[in-house]
Amino acid sequence: MRRYSAFAIAREGARYHTGWERAWKSPAPKKRYDAIIVGAGGHGLATAYYLGKNHGIKNVAILEKGWLGGGNTGRNTTIIRSNYLQDPSAAIYEKARSLYETMSQDLNYNVMFSPRGVMMLAQTEHEIRGYERTAHANALQGVATEFISPQRVKELVPIINIHGPRYPVLGALWQPRGGTARHDAVAWGYARACSDMGMDIIQQCEVTGVRRDGNKVIGVDTTNGTIDCDKLGVVVAGHSGVLADMAGFRLPIESVALQALVSEPIKPCMDVVVMANTVHGYMSQSDKGEMVIGGGADGYNNYTQRGSFHHIEETVRALVETFPMISRLKMLRQWGGIVDMTGDRSPIISRTPVENMFINCGWGTGGFKAIPGSGWAMAELMAKAASPLADEFTMWRFGEGKFIDESVAAGVAH
Ligand code: FAD
Ligand code: PYC
C-alpha cells in the first residue's frame, strides 16, 4: 500500500489543483479584495470557506508565509472532543465536532474523521470531582459525555494499567463521539473548496505590515508587495502578538512550544483516544499503526517550533506507566508547534481596536478540534459584525473580568 506523508499529500494536491499552483509564489495581485485572511492554517482556511459558503463573500485572498497547513494545523495530534465546562465553549466546540461529522461530505474530501471515542482519565479525587462536574455541565449543554468506572475504562482500553503505580485510574470522562481526523486533509479539503470558489491562496507571502487609513484597515504589506482589502482577518496562532503589534495594539496572549512524537507502527492495539492529565501524556493509534503521543507545553515563552528534550522523557515515562506494553516501542519522529495561550485558556474571536480588522487566536493547545466551528463564527463576525458563537470570546473580556476558564478542559499542562 502506498503511504503518503503530509508533504506528499501537499504535493499531490498542488499538482491536481491548478488554482493552487497558480497562486504558488506569485507576486501580489493588483486587485482589491473584499476580505484578506492572514494564515492558511485550519482556522484561516475554514474562515475563508464559510465566508464564501455561508455569506457569499468569495473575493477573498488567504495569505500564508509558509505553506498551507504547515503551522500547528499540520503538527497537532488531531484529538477532537467538545467536553468543555463553560457554556460558550461547549457551544463552539460542539458546533465544531458536529461539523466534523459531515466534513468529508461537505468538502467532498476525505478528512478521515474517526469518532472512536475520547477518554480523559481521572487519577486523583480532585480530577473525579472536576470531570463529574463537567459531565453534569455537558448534560445540560446537550453534549454527550459520561463519567465511567475504572472497570469500564479497562474494557474499552485493555492495554491500560489501571492500578498505578503512582496514580491508579479512578474513572474517566468519556465522550463516545469524540475522536480524530487527518489534520492535513482538513487543511487541504478547506483549501480546495476555497480555490473552487475562486479564492486566491497565496503561499510564501508573509504579511509584514497592516495598512490603515486613519483607524480603518485598507490592506497589508507583504513580502510580495502591498495588497488592498476592505476587511482583514488575522488567524496566525502563535504569531498573533506579532500581527497585533503591526496594527498597533497588544493582545493578552503568550506563545510557547508544544510538541508531539510518534512511535514505529504496530498492529492495532487501542481503538480510542486516551488522555492522562495527571501523569501527563496522551496517546492514540493512527491508521498507519503509529502510536501518536503528546505531553505538556514548554514552561517558557518561545518561537522555536520544536520543544524541549525533558518533555519527551517525562511524557514517555508517564505513558509507560499507564500502558506498560509500550515500553519497548521505538520512537520515530518528534516535532513541535508554536501555540498561542490566553490566561483563561479560551480563544479570542473578536473585533479589534482597528476598524474592519478581526482576530481569531488563543486556541492554544486545543484548536484543531475547533476548526470548523471557529471558521463558522469568524466568518459570521467578519460578514455581519456579530456572531452568537463568538460573542463571549472578545479580546476585551480580560479587561472586563469576564474570563471563560477552561484550564481543566484544556487537558494539556501549561
Ligand atoms: P496554524 O495552523 O498555526 O496556522 C497559522 C498560520 O499562520 C501558519 O501557517 C503560519 O505560517 C501563518 N502565519 C503566521 N504569521 C504569518 C504572517 N506574518 N503572514 C502570513 N502567514 C503567517 N488541538 C486539538 O484540538 N487537538 C489536539 O490533539 C492538538 N494537539 C496538538 C499537538 C501539538 C504538538 C500542537 C503544536 C498543537 C496541538 N493542538 C491540538 C492545537 C492545534 O494544533 C492548534 O490550536 C490549531 O492547529 C491552530 O490552528 P490555526 O489555523 O489557528 O494555526
Ligand atoms: O485539546 O484535546 C486536546 C489536546 C490533546 C492534545 C493536545 N491537545
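This is a predicted model: local features need pLDDT of at least 70, side-chain atom pairs count only at pLDDT 80 or more; totals for chains, interfaces and linings use all residues.
The shell around ligand 1 is made up, by class, of 15 nonpolar, 17 polar and 5 charged residues.

**Residues and elements around ligand 1**

- There are 37 residues around ligand 1, and those that come nearest are E64, N72, T73, T77 and K369.
- At least two residues of the shell are supplied by each of α3 (42–55), β12 (254–265) and β16 (331–341).
- The element that gives the most to this shell is β12, with 3 residues.

**Backbone contacts and cover of ligand 1**

- N72 places a backbone N or O atom 2.8 Å from an oxygen atom of ligand 1.
- For F368, a polar backbone atom is 3.0 Å from an oxygen atom of the ligand.
- For G366, the distance between a backbone N or O atom and an oxygen atom of ligand 1 is 3.1 Å.
- On its own, ligand 1 has 1,000 Å² of accessible area, of which the protein covers 96%.

**The setting of S240**

- Helix α9 spans residues 240–247 and includes S240.
- S240 has a relative accessible area of 0% and is therefore buried, the cut-off being under 20%.
- A polar atom of the S240 side chain lies 2.6 Å from the backbone oxygen of A237.
- Beyond its neighbours within four places in sequence, S240 is in contact with L251, D340, I359 and C361.
- Of these contacts, L251 is 11 residues from S240 in sequence, and the C-alpha atoms of the two residues are 7.8 Å apart in space.

Methods:
Residues are numbered from 1 along each chain as its sequence is written. Chains are lettered from A and ligands numbered from 1 in the order in which they are written. Side-chain values use heavy atoms; hydrogens and water are left out. A residue is near a molecule or strand if one of its heavy atoms lies within 4 Å of it. A polar contact is a pair of N or O atoms within 3.5 Å; within protein, one must be able to donate a hydrogen and the other to accept it, and residues adjacent in sequence count only if both atoms are side-chain atoms. Accessible areas come from the Shrake-Rupley method with a 1.4 Å probe; for residues, only the protein chains shown count as cover. Helices (H or I, at least four residues) and strands (E, at least two) are DSSP runs, numbered from the N terminus. Ala, Val, Leu, Ile, Met, Phe, Trp, Tyr, Cys and Pro count as nonpolar, Asp, Glu, Lys and Arg as charged, and the others, Gly among them, as polar. Buried means under 20% relative accessible area, exposed over 50%, partly exposed in between (1.4 Å probe, protein chains only). Contact means heavy atoms within 4.5 Å.
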